[in-house]
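Take each one a step at a time, with the structure in view.

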Amino acid sequence: MATYTAPLRWAADTGQPASMIGGYFMGPTWAGPAATDGNGLSSEAMYLNQLWAQSARVPVASVATLPPNQVYPDAAQMRAQFAGWKLSAVVADTSPRSALGRYLTGLLGPPEARAGQVLGWRLPRQ
Amino acid sequence: MGGDAPLATGRRGEWRVLLVAGVYCLVGAFVVTMWLWRDPASRIVAANPFDSDQFTWYFRYDATAVAHLRLPALITDGMNAPQGISVMWNTFMLLPGMLLAPVTLLAGPQASLTALMTAGFAGSALAMIAVLRRWGASLPAAALGGGVYGFSPALIQSSLGHYDLQFAVLPPLIADTALRLATGRCRGGWRGAARCGGWLGLLAAAQLFINEELLFDTGVAVVIMVAVLFASRPRATAGRLRDVLTGLAAGTVVLAAVAGYPLWMQFLGPLRQQGIPFTPDFYKNDLAGLVQPSGYLLAHTASSAAFARHFQGGLPEYLGYLGWPLLAVLALVTVRFWRLLPLRVMAVAFVVLATFSLGGTLLAGGDEHGLVKLPWYWLQTLPVTGSVLPDRFSIVADGAAAAALAFGFDAGSWLAWPSRRLSRWCPHRCPPRPRHPCRPAGRRRSLACGSRRARTFSSSPFRWRPIPRRCAGPPTPASPPR
């Protein structure tokens, strides 16, 4: 997101991941006019960002817009979004006991890889 | 870049001069960026980490492509997967990113960006010096112009994360080539014009792969300069038209060959967009910003720094500052030497570009004056101009101001130190004043004699040409020292 670019720096310094959801860019919205970050992030991505921000003690407003009616995506919607994103892996900079770590563990099972504060899940090819 | 060699030195000597000037520019650039060089792989200029992070990602993208022995793809899902993004609609800086790929792969993208910024300061100054020398400026004048442009407040402020704008090396070269084409300084008839045009197309293509917006701004500057030139020397217009068209055709062919496909992908390919995502008439210079230095400049005060900090466009877009002293000198030399065509061209270009940089309506002292419509108001709704952030005209405006100052410096130096200059530069031509027959009027005559060494922009065709001799004296060396 334009307001939080640390993931871009991480990707630039490490070369990983080769492809990511979101970013900081100019792109068309669905209707065509240009916008920073194009169409923006989906509500599922916003929810993941919110969980991460709470775990990392980063201001939520810098990484996510909260849903106005406090309705968050359920597990089925999140899995459908993962399928739509065609993810091959989920990497989270968080601890297993954090809100994000517990949420992802509940959704995807125990992390398959762990290095310090980084958790990883490999997803079946969509 | 073929063309006219400077008056006083040969081609080889001129290269030596530029080499030494380049070393000085590089030293200056290192001084400005020395805090970054303490740890070039991780230090960034504060105030805009977001754009710096973005550029590091772009540079990694470019370097990864080079490492795989291919050109970077113009559509990538490296970001915003699975939809992806269009490289050409973003500031990917494909050319610097690819040229610096070895540095990126060896030392990381931030090290490349630090090197780019240093090269931006040094290269912009050196480019301006080279161009001014080509147009007959003395070395001190060219150094003054190069310093004012290469280390201008606009470029200093752009170094806050706007690496693509800060690397303003090519605009002076583009303007130089275009003006040489327009004024008939491309030797060799239509073939020379075609060669100039081809070089112009190549420079434009290179700038396209650094920053498109700066290319547009430079194009606007060139149009203004050529308009002033032709308005001042209308009779020469018709004679130049064929060569100019030949050059433009050659330039278009080269530009299309190099950048045609990327441009096609941008405007007709996938993920094309309409307009820009920024609020119209928001990123414009504050009128007071022309004289209020930000905290990043040495001459600032606490109040001026606070003023800049509260600028609506943010510090990286606070590009308008030039300061009272420089503006006053600029006004003075413009009025005094209005008849000197190069100075007139640059001064008018500066005024117009600076006015454009103020946007569509007046912003003064932080207050919006919506009723005061400025020229850009009627341009900002057009298809292409609507995509431009007007405050960025300051970069090319500073270039025009630097060139005007240089020409003014040369012209003024003959007024300020006529006798010293005469004794130094043309001892044989100008014998002591009282006894010389052609100088009864004292100072006025001595100026005339001195200005034989200066060059003037004669009317037909547009060529620098020494003022004809007025004093018949002993033979003089062909190339007196500068």
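**Exercise 1.** Describe how H1(B) passes H6(B).

Step 1. H1(B) passes H6(B) in a right-handed crossing (the near helix is turned clockwise from the far one by less than a right angle). Helices here are DSSP runs of H or I with at least four residues, numbered from the N terminus.

Before going on, note that this is a predicted model, where local features need pLDDT of at least 70 and side-chain atom pairs count only at pLDDT 80 or more, while totals for chains, interfaces and linings use all residues. Residues are numbered from 1 along each chain as its sequence is written, and chains are lettered from A in the order in which they are written.

Step 2. Find the residues that touch (C-beta atoms, placed from the backbone, within 7 Å). H1(B) contributes, among them, B:Leu18, B:Ala21 and B:Cys25, and H6(B) contributes residues including B:Phe121, B:Ala125 and B:Ile129.

Step 3. Sort this contact by class: 13 residues are nonpolar (Ala, Val, Leu, Ile, Met, Phe, Trp, Tyr, Cys and Pro), three are polar and two are charged (Asp, Glu, Lys and Arg; the others, Gly among them, are polar).

**Exercise 2.** How many residues does each chain bring to the contact between chain B and chain A?

Step 1. Chain B gives 27 residues and chain A gives 28.

Step 2. On the chain B side, helix H3 (residues 49-67) supplies the largest share, nine residues.

Step 3. By class, that side has 13 nonpolar, ten polar and four charged residues.

**Exercise 3.** Which residues does B:Leu353 contact, leaving aside neighbours within four places in sequence?

Solution. B:Leu353 touches B:Ala221, B:Ile224, B:Phe393, B:Val396, B:Ala397 and B:Ala400.

How values were computed: Helix = DSSP H or I, 4+ residues; strand = E, 2+ residues; numbered from the N terminus. Contact = placed C-beta atoms within 7 Å.
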